[in-house]
Amino acid sequence: MAASEENSSLFSIFILTIMAIPIVPYTILRLCRACTKKTKSIHCQCNVCSHSGKYQKSIFKRISNFSTCSNLTLLLLWVVMGILVYYIKHISREIQPFEPFSILGLEPGALDSEIKKAYRRLSILYHPDKNPDPEAHKYFVDFISKAYQALTDPLSRENFEKYGHPDGRQGLQMGIALPQFLLNFDGASGGVLLLSIVGVCILLPLLIAVIYLSRSSKYTGNYVMHQTLSTYYYFMKPSLAPSKVMDVFIKAAEYLEIPVRRSDDEPLQKLFLAVRSELNLDLKNIKTEQAKFWKQHPSLVKMELLIQAHLTRESTMLSSSLLNDYRRMLELAPRLLEELVKIAVMPRSPHGHGWLRPATGIVELSQCIIQAVPLSARKATGGYPEGLAPFLQLPYFSESTVKKIARKFLQTLLLCIRKENSCLCCTVLYIKGFKFEHGLQKVRTFQELQDMTINDRVELLTQIAGLSDIEARDVEYVLEMIPSIEVDITCETEGEEGIQEGDIVTMYAWVTLKRANGLIGALPHAPYYPFHKEENFWLLLADPVGNDVWISQKVSFMDEAAAISGASKAIQETRESLGASVKEINAAVKEAVVKVKSGSRLVMGKFQAPPEGSYNLTCFCLSDTWLGCDRKTSIKLKILKRNRAGTRGHMVEEGPTADEGIEEEEEEEEEEYDDYESEYSDDLDDEKDKKGKKANGVANKKEESSTEASGSDDE
């Protein structure tokens, strides 16, 4: 009986130990992460974001955030461990060591007379002649008689005092950490034991391996299906216009797995009528275009309509079933778009370059999805060279609001001119004086709105746009959240003067982010996107004329510790390779750490220098969440003819045949790209006429915004 209880206790201890080994460190790690989270709010404080429900901290929201699958599983495991601890403690109380004094109710060192007296008293209670209960008889024989014998017999008492047992020294006993029913090797228990050994030692590891291999063969490290990457790679083309990026994006295998129900037909028909203007259908052959649209795969039709419903902010008309598919579509969108950008910038050309135009189109689609802005709003229209899209990301702004600002400004100006009854020359002078006196100007670009003083902007929003004071304050909150990006980029050959053809060129780019509210890492203002989305930036060193991306890298400002570690390691390795002293290395690392803490991130990349000549490159820093904050920096590379012995990389083949082949390829690419342009972004070919101010890869100090106004005030 005691042996079986001991085995059961050992089995419980064994199970408890196996469970505690992974659970305790994992729980400590989770608690440490929860305690080290920044308490400072990094999300938008406007009323629109607050009412969206993403950042509400009600009791129901906290319960829903806690009641995730991993948290509930962890809690259940801790409950099981608590039950095991209670069971082990209870078993330990029942299994008591042999203590003759405590059995007889005496203190250690009692006299013989006291021992006999206690034995007589217990015999009256438990002797078989006095108590017919079998349990009493068993207790009397196993405990009382043995205790009395151990204390009255000289040899037994000596053994007890010396070895702790009346029978003398006890041998080492081994226990098996298995339940008792598995140790009874009869027919049934033997089969159970065999099945348990086979299941735990063979079948369970095999099952885990099969599940892991099947999942790893289906998904990538970013939880994107391999089939999706194959599809994106197949449909990615260098001439992919931004208007066609949507067609490639919705072909993801994750979207094709979303079911298409018969009950969705009628809601999708209504949704089609609401977003038909955004589907790029030919109005001249509208019936043919509609029939062609509905002949597509049902999943493609459903996904495109759901995305357009989000971009046009028509999600309120979705049914409950479509609303679940709609949320699933938005949840998958960021990671799918990230993989699509990586495929666009993947080296494919003979020189190892990616494609610029598809990459910029994908980032533009990401901006529109996060901010819920239609793609058509990016078109230049009505005196707005960058379109109305950047304005629509502001709260309470709509297309009518932007047009109202322009219309009321002109009405006020014309009314004042009529009152003056002046000639043409006087009118021009009056217009300038009117703008100077009232501090008003026709806002044509988003940058002009940001550059206005707070008082002028509040006056514009309240008096002309018709917003209330609270709504104007919310607009100010969002404008303070929008980042301002600066890029300082240099390209050089380590340890050499100048860049010669065939050299391995290293790009150093410091990307600095500033906000009016002082934050560095923050969640963007995205009230229509129902999930948390961290802002990221794509740094692309590209040749706009040749549609080539030389270097690409994603930049994040959320994890400062990782940025410090990466920048310190990169600076240290670079300085060590150049033979710098320890003091110089420490000074450079310290300077890099200060830069990172002030809101800068170091981006490094390497590429092989092309053949001799001058190259006008552009460094694009594109946000995947905000509209109107992208930056372009011009950089001029002057590649010299090789005159150094040896190479720093693979030598570019010289000779008339190779040069002529390269020139022919460039001419063919230029002819191929001349027949399309970005439909919603600035024309990248304008960079062809721009010249850099510094040679050998030093960036121009003057940065150009991708949303820079191309028009002028013509009154």
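Analyst: Below we go through cores, helices, a sheet and a few single residues.

User: Ground rules before we start?

Analyst: This is a predicted model: local features need pLDDT of at least 70, side-chain atom pairs count only at pLDDT 80 or more, and totals for chains, interfaces and linings use all residues. Residues are numbered from 1 along each chain as its sequence is written, and side-chain values use heavy atoms, with hydrogens and water left out.

User: How many residues does the largest nonpolar core have?

Analyst: It has 60 residues. Phe249, Tyr255 and Leu305 have the most contacts inside it. A nonpolar core here is a set of buried Ala, Val, Leu, Ile, Met, Phe, Trp, Tyr and Cys residues joined through side-chain atoms within 4.5 Å. Buried means under 20% relative accessible area, exposed over 50%, partly exposed in between (1.4 Å probe, protein chains only).

User: Which elements give two or more residues to this core?

Analyst: H11, H13 (265-275), H15 (298-311), H16, H17 (356-371), S5 (536-543) and S8 (613-623). The largest share, 12 residues, comes from H16. Helices (H or I, at least four residues) and strands (E, at least two) are DSSP runs, numbered from the N terminus.

User: And what does Phe249 touch?

Analyst: Its contacts include Tyr232, Tyr255, Ile307, Leu336 and Leu365, not counting residues up to four places away in sequence. Contact means heavy atoms within 4.5 Å.

User: At what angle do H11 and H17 pack?

Analyst: About 75 degrees, with their axes 9 Å apart. Axes are lines fitted to C-alpha atoms, for helices over the stretch in contact, and angles run from 0 to 180 degrees between N-to-C directions. H11 and H17 are therefore roughly perpendicular (under 35 degrees is roughly parallel, over 145 roughly antiparallel, 65 to 115 roughly perpendicular, the rest oblique). On the H11 side, Pro242, Val245, Met246 and Phe249 meet residues of H17, among them Gly361, Ile362 and Leu365.

User: Switching to H10. Which residues are buried there?

Analyst: Thr228, Thr231 and Tyr232, in a helix spanning 226-235. Seen down the axis, the buried residues of H10 fall within an arc of 95 degrees, so they line one face. That arc is taken from the directions from the helix axis to the C-beta atoms. The buried residues of H10 pack against H11 (242-249), H12 (253-256) and H16 (320-344).

User: What's the strand order in the open sheet?

Analyst: S2-S4-S7, 3 strands with antiparallel pairing. S2 (484-492) and S7 (600-608) are at the edges with a single partner strand each, so one side of each has no neighbour in the sheet. The twist averages 20 degrees from one strand to the next. S2 and S4 (504-514) pair over 9 bridges; two strands pair if DSSP finds at least two bridges between them.

User: What packs on the sheet?

Analyst: Helix H24 (560-577), touching S4 and S7. The direction of H24 makes about 45 degrees with that of S7.
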